[in-house]
There are 2 protein chains.
Amino acid sequence: MDTVRIALAQINVRVGDIRGNLKKILRYIRSAKDLGVDVLAFPELTITGYPPEDLLLKPKFIQDSVHAIDEIRKATAGITVVVGYPDQDNGHLYNAAAILHNKELIDVYRKHYLPNYGVFDEERYFKSGQRAPVYRLGKFIFGVNICEDIWYPGDPTRKQSIVGDAQVIINISSSPYYSSKVASREQMLVKRAKTYSAVIAFCNLVGGQDELVFDGHSVVVGERGEILVRAGGFKEELLVTDINIKSVLRSRKQDLKRKKDLKEYKKRAEVIVIKDRKAWRHEKSAVKSKVTEFFSVEEEILNALVLGTKDYVSKNGFKKVVIGLSGGIDSALVAAVAVQALGKQNVVGISMPSKFSSRGSVTDSEKLSVNLGIELIKIPIAKAYNSYINMLSDTFTDTKEDITEENLQARIRGNILMAASNKFGWLVLTTGNKSEMSVGYCTIYGDMAGGFAVIKDVPKTMVFRLSLFINEYKGKEIIPKSILEKPPSAELRPDQLDTDSLPPYDILDPILKAYVEDDLSAAEIVALGYTERLVKRVVGMVDQNEYKRRQGPPGIKITARAFGKDRRFPITNLYRG
Amino acid sequence: MDTVRIALAQINVRVGDIRGNLKKILRYIRSAKDLGVDVLAFPELTITGYPPEDLLLKPKFIQDSVHAIDEIRKATAGITVVVGYPDQDNGHLYNAAAILHNKELIDVYRKHYLPNYGVFDEERYFKSGQRAPVYRLGKFIFGVNICEDIWYPGDPTRKQSIVGDAQVIINISSSPYYSSKVASREQMLVKRAKTYSAVIAFCNLVGGQDELVFDGHSVVVGERGEILVRAGGFKEELLVTDINIKSVLRSRKQDLKRKKDLKEYKKRAEVIVIKDRKAWRHEKSAVKSKVTEFFSVEEEILNALVLGTKDYVSKNGFKKVVIGLSGGIDSALVAAVAVQALGKQNVVGISMPSKFSSRGSVTDSEKLSVNLGIELIKIPIAKAYNSYINMLSDTFTDTKEDITEENLQARIRGNILMAASNKFGWLVLTTGNKSEMSVGYCTIYGDMAGGFAVIKDVPKTMVFRLSLFINEYKGKEIIPKSILEKPPSAELRPDQLDTDSLPPYDILDPILKAYVEDDLSAAEIVALGYTERLVKRVVGMVDQNEYKRRQGPPGIKITARAFGKDRRFPITNLYRG
């Protein structure tokens, strides 16, 4: 038999839940054994969840993680397991993978490349590893590396596959999602496979963790770049496939570049023999996972929002959520996402009309609630509003109505949602989109008040696309047509429209992308074809509203650069550029 | 003449304000020239302010910074200037110092050690430098390095002073403050000076930037470890001193370790000759700064709070602040700090009693306001409270009074303060202390609502110490005795006391320090002599309230580990340990 059975456990773990994660890992090891799997891999830092952040600075947390790895070791009779954990040695911490076999710790691989950009802070915790060994199970040779390691051409992947002659490179990852990353990441893997004539087995984490969603999409790429199997996105899966070693070796014979590469190396590879003779199981019933198709852009983003919401709510111990329904498209989309994530019985809408609310603000919310099958509570805010105006009348003598009164309405609504949250234990979902969050078109402690900001990284134009997609996908009107068609408005003063204060969203959103995601200067954005006055106003609003964003709830990253730890700007910042 | 005149410009710059910072730098160069200074140094990243964070990712921002350095170059006729800026080369960014002399760019030194822990993220932006040259001005030889570089024994300081024979090491820093750091930092500098028989000229930034305060305390340490001159803390200063080169060389002859060290080096130092012959000015009137004394702990922390508040308010374009005065010690201390920072005419107090407020809550606030000379506005909150209870009565049918009603009161107060802020352009200062923030004994969108949290890193026991100190220092009752003596209470339900929910602060604070600042596990804290039940409850509260802290306003770091970017914890975190 020249076939080895490999499985990738694309699992959803919980940060800090070492016991719970251990249990899940042991369950997957049992399932893999039942399927006759030879080598089973888990994602990066499986045992701690990713990213564990400053938990890694707690000595007890590291000890507990290492203990858990020892528990896993005991469960590896007759199977090889690769599992991610924080490894401590000589006062240094490493982002590591334990290679376990037959109740023995065979080796510890330590990540070479530590990402320290975007949402990543790995240099804060870890030291880089240097070794790039390969492991031999009879004729089968494989290398292990971790996430970022495979994003760079060259070592450790090159060393493992060229000098070490590994037929398979197992890369364990916790690679967070953003739109357009999924396909490009796989293309990178295809390139690596072809370059080194090696099978790449990429095992990714799945699940939501605060602002991040890990999308899964684990994949095994054949040595000629063909996709052998691919796991689904945004769900747990045990991805299983059989690798024919002889076929890999045959491909290599045709690879002329390989000999040249081999010569360039001075040093020999470090080979760790796990088992000398044919080490894997002989009898296997046919089991093979399929190549799950990628989602469309809209479905992919929706899936990310649904999983991110579901996991934030459940991992933080909540069951039900409450949403202020304004009759607008943002709150409608958030409610639809929440229903998909948590079930209609766990979503409550509250409509809080004021004297400036259009008739549609209530009737459209009613229609939406009926379509979604959720409870709707109605609480008009006039009484509280009037009492504030009355209480403040002395202090505000001789002043004019301005944004103060608009914000008061938003804050009364925030208070009502938080009161419901406190009284019933519901988590408040906020409904602000990325366009609003960028320019500060939102009220701090008002509509920004809540535990989780589902669409805070979704530009308004994408809010429309996602809403249309939901209706299309479901084949019926979930988000009422009247909501889709009304011009956006905050309804905080008579006949107010978003376009009173902002350019139309199809103009605003590209400017915001250029400035926030692509770091273009104002002058460079003007050169794209916008007026200087408009660009300066927009980038000024972005700069001046950092203070608001800093106090907003976390929300799901779906773009290449989200607000939050992905974009770290000073609040006190005099630069305008 | 064997005397060289060195000056350290301990200046307060503004992040992102390249034009403004440039102007200030040019002004200091003129002053230094007037004083016959030979070598003038400015702090780390002077031109951008520190930390510029993700502004460093904007290509235009780097270009603008480099242009400003070129402007400075033109102003260096007859003087040598060392100034910090972000240097770009071959696609990499460096935390650098320009060495300028007589309108020429002599060299660029690049920081070796990039801090990437605590509040620091320098690996996110910069690549490490490798060179450690020295500069020669006739007989005078000096080395330049940057902040973290001198915190490690060895190179670059060793190389520069031993092999390069530099008599003076100029270290330019932006070293943020926390209590107890000031003296220990200087002790480290003294150690370096003695180890290498070199004069250490440490130029530190001063000023507040979001959560950080840079304390100044620039110092010149003689080659035998004696303090030659020391700048004051928390204020701008041009620190000037004359260094006698012969005296340094004499000390070195007595340094036996030096020869041994020199032998260990294989490579020669890189020597850059700025000017071959005696290069510095001959005629100098006697000018020498003094050795300013350190502050006491209380005075030092108060100074940090005052400067941090003053700079946050003014650098963000505000003039006046508003504070909710509860009659408690926290708001009293914040008001006193604000008055010292901004002047009494720029501080407004608002007293917002409810039916649960003690009589003292108003009268003590009145007394405080009179003592401080600030305006006090009174707005009872009963009307708004009753209207909420009325609006929510249907929804809350058959429920009991609980924390919901308490939070409502706090949120009404938050709304009133924000309304005043919106109407009059006042910044709201919040009054929560570190003990409360740690355990979540505060209301999100309520007493946490505001722009700047002055004492968020000050433990309650220190709040008392600081308040007592103010009265002592001023020699009169600023914070009324009745406020100092009443037992802490949130006054959100009848006869409520903090001790109903929390242990006494003199027990709570050490537990919090052990857990939050020292990363001790619960078991290790119990071993310090607290009951397991209490410790588990306290650390559980800390863990579970990360979500609140994440939405709080920034505040001044005064301890070794503050909440904020100094302590990066996941919100979704199942670890209890």
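Guide: Let's start with A:Ala335. Leaving aside neighbours within four places in sequence, A:Ala335 is in contact with A:Ile323, A:Leu325, A:Val347, A:Gly349, A:Leu368, A:Leu372 and A:Ile374. This is a predicted model, in which local features need pLDDT of at least 70 and side-chain atom pairs count only at pLDDT 80 or more, while totals for chains, interfaces and linings use all residues. Residues are numbered from 1 along each chain as its sequence is written, and chains are lettered from A and ligands numbered from 1 in the order in which they are written.

Visitor: What makes two residues count as "in contact"?

Guide: Their C-beta atoms, placed from the backbone, lie within 7 Å. A:Ile323 and A:Val347 are among the residues that meet this test with A:Ala335.

Visitor: Which residues have the most contacts inside the largest nonpolar core?

Guide: They are A:Val83, A:Ala335, B:Val83 and B:Ala335, in a core of 344 residues. Such a core is a set of buried Ala, Val, Leu, Ile, Met, Phe, Trp, Tyr and Cys residues joined through C-beta atoms within 7 Å.

Visitor: Is A:Asp210 buried or exposed, and how do you know?

Guide: A residue is buried if 20 or more other C-beta atoms, placed from the backbone, lie within 10 Å of its own, exposed if 12 or fewer, and partly exposed in between. A:Asp210 has 29 of them, so A:Asp210 is buried. A:Asp210 sits in the loop between β10 and β11 of chain A, and has a positive phi of about 50° although it is not a glycine.

Visitor: How does B:Asp165 score on that scale?

Guide: B:Asp165 has 19 other C-beta atoms within 10 Å, so it is called partly exposed. B:Asp165 lies in the loop between α3 (157-163) and β8 (168-173) of chain B, and its phi is near 65°, again a positive value in a residue other than glycine. Most residues other than glycine have a negative phi, and most peptide bonds are trans.

Visitor: Which peptide bond of chain A is cis?

Guide: The one joining A:Tyr50 and A:Pro51, with omega about -10°. A:Pro51 is in the loop between β2 and α2 of chain A. In chain B, the bond from B:Tyr50 to B:Pro51 is cis, with omega near -10°.

Visitor: What makes a strand, and what makes two strands a pair?

Guide: Strands (E, at least two residues) and helices (H or I, at least four) are DSSP runs, numbered from the N terminus. Two strands pair if DSSP finds at least two bridges between them. Six bridges join β4 (residues 92-101) of chain A to β5(A), and the two run antiparallel; A:Ala98 stands opposite A:Val108 in β5(A).

Visitor: Why do β13 and β15 of chain B count as edges?

Guide: In chain B, seven strands form an open sheet in the order β13-β12-β9-β8-β7-β6-β15, with mixed pairing. There β13 (227-230) and β15 (271-275) each have a single partner strand, so one side of each is left without a neighbour in the sheet.

Visitor: What relates chain A to chain B?

Guide: A rotation of 180° with 0.0 Å of shift along its axis superposes chain A on chain B, with RMSD 0.0 Å. That is the relation of a two-fold axis.

Visitor: Why do we say that the copies meet through the same surface?

Guide: 97% of the interface residues of chain A are also interface residues in chain B, so the surface is the same. In total, 70 residues of chain A are in contact with 69 residues of chain B. On the chain A side, α11(A) gives the most, with 13 residues.

Conventions
Least-squares fit on C-alpha atoms with pLDDT ≥ 70 in both.
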